[in-house]
Amino acid sequence: MLIDFNEIKEMTIPGMNNGTGQMTARMYMSEKGKIIPTRIHPGGSIGLHTQKTGDDINYILSGTGKAICDGQEEQLTAGCCHVCPKGSEHSIINTGEDDLVMLTVVVERWD
């Protein structure tokens with residue numbers, strides 16, 4: 001299966017999950033999960049929220065940031081992968097001057 005993200009409309013999302021600033025994303029969704037190339041713009045964040053239906057995997061392509069998962073802080077740089085399992089609570093914050101660019105994959109779980 002080929003997913004062409006060039007053909008998926010880019011969305012601008014202000015204050016995702018009560019976060020700050022803006023992010024842009026293109027989203028592919030199916031019953032098994034989501035694939036989301038994402039840019040959190042400088043000063044932006046995805047607010048603290050619980051992963052209710054699946055594991056959230058965030059591979060960092062460029063930029064700098066931090067993730068807070070179940071109270072533990074993790075520094076994010078290119079090549080790092082932040083995983084927030086189903087049932088955990090997390091936030092992602094752009095701490096740099098450039099976009100925090102990541103590929104997010106949400107794998108739905110029914111356990």
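A: Of the protein's 111 residues, 34% count as buried, where buried means under 20% relative accessible area, exposed means over 50%, and partly exposed is in between (1.4 Å probe, protein chains only). This is a predicted model, in which local features need pLDDT of at least 70 and side-chain atom pairs count only at pLDDT 80 or more, while totals for chains, interfaces and linings use all residues. Residues are numbered from 1 along each chain as its sequence is written, and side-chain values use heavy atoms, with hydrogens and water left out.

The protein has 11 strands and 0 helices, and its pattern along the sequence is β-β-β-β-β-β-β-β-β-β-β. Both kinds of element are DSSP runs numbered from the N terminus: helices are H or I with at least four residues, and strands are E with at least two. The radius of gyration is 13 Å, in agreement with the value near 13 Å for a compact globule of 111 residues; this radius is taken over C-alpha atoms, and the globule rule is 2.2 Å times the number of residues to the power 0.38. Along the principal axes, the C-alpha trace spans about 35 × 35 × 25 Å. Of the contacts with a separation of 6 or more, 59% involve residues 24 or more positions apart, a contact being heavy atoms within 4.5 Å.

Beyond its neighbours within four places in sequence, I92 is in contact with I40, S45, I46, N58, K66, A67, L76, H82, L100 and M102. The C-alpha atoms of I92 and L48 are 7.9 Å apart, although 44 residues separate the two along the chain.

Setting aside residues up to four places away in sequence, L76 touches I60, G63, T64, G65, K66, A67, H82, I92 and L100. From L76 to N58, 18 residues apart along the chain, the C-alpha distance is 9.8 Å.

H49 is another buried residue, at 16% relative accessibility. Its place is in strand β5, residues 45-50. Apart from residues up to four places away in sequence, H49 touches N17, S88, E89 and H90. H49 and M23, 26 residues apart in sequence, have C-alpha atoms 16 Å apart.

N17 lies in the loop between β1 (11-14) and β2 (22-25) and is partly exposed, with a relative accessible area of 33%. N18 is in the loop between β1 and β2 too, but counts as exposed at 78% relative accessible area. Their backbone deserves a glance: N17 has a positive phi of about 50 degrees without being a glycine, and phi of N18 is near 65 degrees, again positive in a residue other than glycine. As a rule, most residues other than glycine have a negative phi.

Back inside, C69 is buried, with a relative accessible area of 10%. Its closest cysteine sulfur is that of C84, 3.8 Å away, which is too far for a bond. The structure holds 0 disulfides, a disulfide being a pair of cysteine sulfur atoms within 2.5 Å. For C81, the closest cysteine sulfur is in C80 at 8.7 Å, also too far for a bond, and C81 is partly exposed, with a relative accessible area of 45%.

Leaving aside neighbours within four places in sequence, V83 is in contact with D56, I57 and C69. V83 is itself partly exposed, at 43% relative accessible area. Its C-alpha atom lies 22 Å from that of G43, 40 residues away along the chain.
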